[in-house]
Amino acid sequence: MSKTDSVPTDDYPKENPEGWVYVVGADRNNPHECKAHVYAGPSYGDLRGPLCGYGWNRSDGGAFSILRNNGSSRGVCETCRKREKAGAGPVPPWPHKTRWL
Ligand SMILES: [Zn+2]
C-alpha cells in the first residue's frame, strides 16, 4: 500500500447526543506511520482536537494536521475509541516530541 492510499472510514463521521461530531483523521505527512486518531468538534468543519494526546501530531504536541475522514492501515487508536464510546470531547494540547513540525 502506498502512503497516499486512503483507508475507508465507513463508521465516520458520527455524532453523539452531546453534540460532538467524531471524525477519523490520518496523519497528513504519512497516513500509515501511526494509527489514525479520532477528532471531535461541534461540527465536521470545526474539529477542536483529538480524543487522546497523541492525536496532537504537530508542533511538539501543540497542533494537529490530519487527512480528515481518512484512516490508517494500522487502524484507529484504542484510546480514542474508548473515549469516543464514553461520549468524551477533545483533550487539551499535550506537549510531547512529534516527528513533524
Ligand atoms: Zn488517539
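## Helix H1 and its buried face

In this predicted model, helix H1 covers residues 78-85, and Cys80, Arg83 and Glu84 are its buried residues. Viewed down the axis of H1, these buried residues fall within an arc of 105 degrees, so they line one face of the helix. An α-helix has 3.6 residues a turn, so residues three or four places apart point the same way. Glu78 and Lys85 lie on the other side of H1 and are exposed.

After the helix comes Gly87, which has a positive phi, near 80 degrees.

## Strand pairing

## The nonpolar core

The largest nonpolar core comprises 19 residues, of which Val38 and Ala40 touch the most other members. S2 and S3 are the elements that give two or more residues to this core, and S2 provides the largest share, four residues. In soluble globular proteins, nonpolar side chains tend to be buried together.

The contacts of Val38 reach well along the sequence. Leaving aside residues up to four places away in sequence, Val38 touches Tyr22, Val24, Pro50, Leu51, Val76, Cys77, Cys80, Arg81 and Glu84. Among these contacts of Val38 are Cys80 and Glu84, two of the residues that are buried in H1.

## The chain as a whole

The chain contains one helix and five strands, and its elements run β-β-β-β-β-α from the N terminus on. Its radius of gyration is 12 Å, close to the 13 Å that the globule rule gives for 101 residues, so the chain is as compact as a globular protein of that length. The C-alpha trace spans about 35 × 30 × 25 Å along its principal axes.

Of the 101 residues in the chain, 34% are buried. Among contacts with a separation of 6 or more, 66% join residues 24 or more positions apart.

Conventions. Residues numbered from 1 in each chain as written. Predicted model: local features only at pLDDT ≥ 70, side-chain atom pairs only at ≥ 80, totals over all residues. Buried ≥ 20, exposed ≤ 12 C-beta atoms within 10 Å, placed from the backbone. Arc of directions from axis to C-beta. Core = buried A, V, L, I, M, F, W, Y, C linked by C-beta atoms within 7 Å. Contact = placed C-beta atoms within 7 Å. Rg over C-alpha atoms; globule rule 2.2 N^0.38 Å.
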